[in-house]
Amino acid sequence: MVFLEFEKPLEKLYDQLEKLRQVGEESDIDVTDKIKVIEDKIKARSKEIFSNLNGWQKVQLSRHPNRPYTLHYLTNMCKKFVELHGDRNYSDDKAIVGGIGKINGDPIVFIGHQKGINTKMRQYRNFGMANPEGYRKALRLMKMAERFGYPVVCLIDTPGAYPGIEAEERGQAEAIARNLFEMAQLKVPILCYVIGEGASGGALGIGLGDKVFMLENTWYSVISPESCSSILWRSWDHKEEAAEVLKLTADNMLEFGLIDDIVKEPLGGAHVDHAKMVKILKSHIKKQIEELSTLSPDELIEHRLEKYGKMGAFTVKKTSS
Amino acid sequence: MGWFNRLKDGITTKTKSKREAPDGLWHKCKGKGCGKTNTLKELEENYYKCPHCDYHTRIGSYDYFDLLFDGKYEIMFDNIQSKDILGFEDLKTYEDRLKSAYAKTDLPDAISVASGKINKKPIVIAAMDFTFIGGSMGSVVGEKISRAIDAAIKIKSPFMIISKSGGARMMESAFSLMQMAKTSTKLAQLSRKKLPYFSFMTDPTTGGVTASYAMLGDINFAEPKALIGFAGPRVIKETIKRDLPEGFQTSEFLLDHGFLDFIVNRADLKDKIGDLLDLFSSSNK
Ligand SMILES: [Zn+2]
């Protein structure tokens, strides 16, 4: 396991726990009580650390290398999940995955950014930075969901859409814009969850929906703290400050009314208990789909229009003339 | 109509127009490899294009309104202004940035909306100003586009946006990001009412603006040699660590790759839009 700077106090405790478990497995010594003591200590320490995280720490957690990614959720939430590839036009983007699966017997079309679990896979997944084909594959799958009346669930986890020559040639901007336009009027429910990083248009490109949620230790912003620092402070050294001023945490987003709710993670973050996190997300999705399925396609679209129409903070001056 | 706060006499009022025009009498052309000097008057008489190389000098929202509308037009929603909801501060506070932008441009924000007629056909136009914090899209831009679309729906007229922007306004963080969703959602509504949307891109059109309303026109068109793209050239260069090809992310590049319907010279702009308005209306009414 990887321990972030502020998680360091937990490292020793996890080591002790691991050793005790080994002893328990390899011998006849009963370690149950001792394990319980360590687990309680981990809990208490985690509570302390996690009750007061700042923006930058949340950003680091969202990028934690042990954090579950999209395919982990999909293959574990659904008894059966079939991944579907390609945009039927140019190629198969590896940074956005999609497919069909069932939760409690109901078919759902899933789409999500995918990051790699090791160096080789991170490159293969282009670090979760999609090219236009990723957004077009997503749209193809959404249109299929619409045809069959299946809800769409999007899992967002990207440092941004890929800034490359080919991406521009094939219309990165058009691909994202088209998704926004089509998602606004898709006739089936759309649920969006930020499960890691929610950076800019690359996140929003699969992020417009009836309900948008953020996992507890994630962020959502128009720009990453690093890029913000480099543009506004003209140096990379102000990322912590940038993370604060951008107000990018789930709490901030909920307070601004830009997301619908926060999905709690297991104590210590999604990365310490994948199974529990999968269970939490699965039951959340199930409940949300039940609620949204009572709305007609027209009602869904009407509500979506209303929801996004209200987003913004401005003043309306009294007309003087 | 509370927000129809002022009627503007397009051609004769000069106070707000020409604000993108360079200071001083002489103006050095920024066209690639040109560098010739023109007087402001020469430029003005040539649609703010260089008489030598046809370089299209950046102009402002009111310049386009003056150029396009038949005489009078009505400025709308100027009473909507930015609010520093995040208390944003980098090297400068957002409030200070706004204050200096107001002072520098005499504009209420990075977009202005006007309703009027082009070749006798009604149209609502929202035009952006790059001089106002880089033409950045914040909540005000989103709200004004949103209300402009409502106005177009109300009078059943086509709608047009003249984009000129560096992208989303960082100082409004997720609020500015959500304006991409808001404007796209609103354009979907316009489309469902079967009213045409013309997206006109000018130099520069990048970032969140391109990845939302700029690319969503029923007709997408641009001025010659404008920079149009999603990621900025500098960011791409830093990412791929090699030089960018000649002509990359220009209007001509986008036309070639299938993302524009056509490129139009500023001198022909009014007629071209007039043609579109005519072609998108039934003559049997
Ligand atoms: Zn010139």
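In chain B of this predicted model, strand β6(B) and strand β7 (residues 121-128) pair in the antiparallel sense over eight bridges, where strands are DSSP runs of E with at least two residues, numbered from the N terminus, and two strands count as paired if DSSP finds at least two bridges between them. Local features need pLDDT of at least 70, side-chain atom pairs count only at pLDDT 80 or more, and totals for chains, interfaces and linings use all residues. Residues are numbered from 1 along each chain as its sequence is written, while chains are lettered from A and ligands numbered from 1 in the order in which they are written.

β6(B) and β7(B) form a hairpin with two residues between them, and N119(B) in the turn has a positive phi of about 45°. The pairings of β6(B) are set out below.

| Strand pair | Sense and bridges | Bridge partners |
|---|---|---|
| β4(B) (residues 73-76) and β6(B) | antiparallel, four bridges | E74(B) and S115(B) |
| β6(B) and β7(B) | antiparallel, eight bridges | K117(B) and P122(B) |

Strand β6 (residues 111-118) of chain B is mostly covered, with seven of its eight residues buried, that is, having 20 or more other C-beta atoms, placed from the backbone, within 10 Å of their own.

An automatic or database domain assignment divides chain B into domain 1 (6-18 + 59-279) and domain 2 (21-57). The contact between them takes ten residues from domain 1 of chain B and six residues from domain 2 of chain B, contact meaning C-beta atoms, placed from the backbone, within 7 Å. Taken over C-alpha atoms, the centres of the two domains of chain B are separated by 23 Å.

How values were computed. Buried ≥ 20, exposed ≤ 12 C-beta atoms within 10 Å, placed from the backbone. Contact = placed C-beta atoms within 7 Å.
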